[in-house]
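The following paragraphs go through an interface between chains and then a single side chain. Please have the coordinates open while reading.

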Amino acid sequence: MDNRQITVVLAEPSAIISAGFASVLANYNTFRIVERVSDLRFLPDVVARYSPEIIVVNPVLFDYKSKFSVRSIVSGTDGPALAALTSTLYDEMVFSQFDAVISIYDSPAAIIKSLRKAVDASKGGTSRLKNEDYDLSEREKEILVAVAKGKTNKEIADEFNISVYTVISHRKNISQKTGIKSIAGLTVYAMLNNMIDSDEL
Amino acid sequence: MANNKDMGFLTIKHSSKMADILDKDVFILPLLYHFGIDLGFGEASVEDVCLKYGIKPELFITMCRVYALKGYVPDCSAFDKDDLGTVSRYIHQSHVYYLNEALPELDRQFAEVLGCYEEVHRKVLSKFYSDYRTEVDKHFEYEEKTVLPYIGKLLAGDTDGAYSIADFEDNHSDIEENLYDLRNIIVKYLPGDAPYRMRYGLLTDIIRFGNELDKHTFIENRILVPIALKIEKNG
């Protein structure tokens, strides 16, 4: 169990929602709200002072019709994760700027899950911009070829002398990087990228 | 603050004009199409149009919201046998459209694009697509031959207890994954042998079909199944 607490800054103009959110988080030791702001003006200072791992913002604070980007508040490549806390539905375009979207109608468990996901997703923050997290590693390419050839996880684990769990983990990363989930799709990918000959299938 | 479109859809009334709703979000067009609602309804209200086509307005409005609002969760507690019949009709008509119009068109476009590639790539892509098509056909066939007739029996009070809508829920396979993979392949990895316009055309249609299918599946899982479950329980 990770005993370290994850620091949170909350930007929410409604006193009621702010108190409610804090109360939900208070039941879970993992998260600690270090500061709450009701206006965006205070956010940069607070972020600089506390370096929180996650900022929870109500998109209502932004006039999204302007080109104002949420991320402009948070500079730096290894910035905190950004989660939206919303009481209503917005455009894809608004939500796409966030690492997670939380509705005030979500259950406490769902809220915590979303927060965790957001923090995990933004971790190794610099990798968001570096190519190593986009391009497949050599190992991943080898695994991909094995999958495309129709080998089972167990066969692949034996071939590369790794555990089945590692194989699964590699496959998850491969799917995430390429955007391709099915084995058939990965086969096409391997063919198109000349990683495999047609007679090997 | 709140998107105008969302508020518009959340406050549709029976007296709202059908044309105005279309104005708010053109994405509900397929819904109207599957219901066989002919255009040219002038100033008619939602209620008028629904009455004409044997649809209850509450259900219609709910389905509009599913089409227009991402993440909308429908409340089916007030829906009854009539509504189940209507949804069943919508599902069937969607299948007819997919099998007779949308998919053949995708087939044609895909074949045209593939024709531009060397044999090696063509074979692999062709296999991928035809495997997908087979899965889709199986999926729809199951719904047409097993699920919809069962719904018919359920509505007539004529079930034998051998099959339950819960079985459908279990068997409802995910055909969306392969389509999404195909989309990513075209966007990211397909070489430029086929002309620009052709690849964009294919991609656009795949995306549109995928989105439509998503809504269709959502309605099956979140409207058809819950109402059927309720009727199975209470009769």
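How many residue pairs are in polar contact between chain B and chain A, with both residues at pLDDT 80 or more? The model is a predicted one, and the count for this pair of chains is 6. Helices α7 (119–156) and α9 (176–189) of chain B each supply at least two residues of the side that touches chain A. Of the elements of chain B, α9(B) gives the most to this side, with 7 residues. By residue class, the side of chain B that touches chain A divides into 11 nonpolar, 4 polar and 5 charged residues.

The extent of the interface can be given in two ways. In terms of contacts, 20 residues of chain B meet 22 residues of chain A. In terms of area, about 1900 Å² is buried between the two chains, and carbon and sulfur atoms give 62% of that area.

A:Lys177 lies in helix α7 of chain A, which covers residues 164–178. Is this lysine, A:Lys177, buried or exposed? The relative accessible area of A:Lys177 is 18%, and the residue therefore counts as buried, since the cut-off for that class is under 20%.

Technical notes:
Residues are numbered from 1 along each chain as its sequence is written. Chains are lettered from A and ligands numbered from 1 in the order in which they are written. This is a predicted model: local features need pLDDT of at least 70, side-chain atom pairs count only at pLDDT 80 or more; totals for chains, interfaces and linings use all residues. Side-chain values use heavy atoms; hydrogens and water are left out. Contact means heavy atoms within 4.5 Å. Buried area is the accessible area (1.4 Å probe) that two parts lose on being put together, summed over both. A polar contact is a pair of N or O atoms within 3.5 Å; within protein, one must be able to donate a hydrogen and the other to accept it, and residues adjacent in sequence count only if both atoms are side-chain atoms. Helices (H or I, at least four residues) and strands (E, at least two) are DSSP runs, numbered from the N terminus. Ala, Val, Leu, Ile, Met, Phe, Trp, Tyr, Cys and Pro count as nonpolar, Asp, Glu, Lys and Arg as charged, and the others, Gly among them, as polar. Buried means under 20% relative accessible area, exposed over 50%, partly exposed in between (1.4 Å probe, protein chains only).
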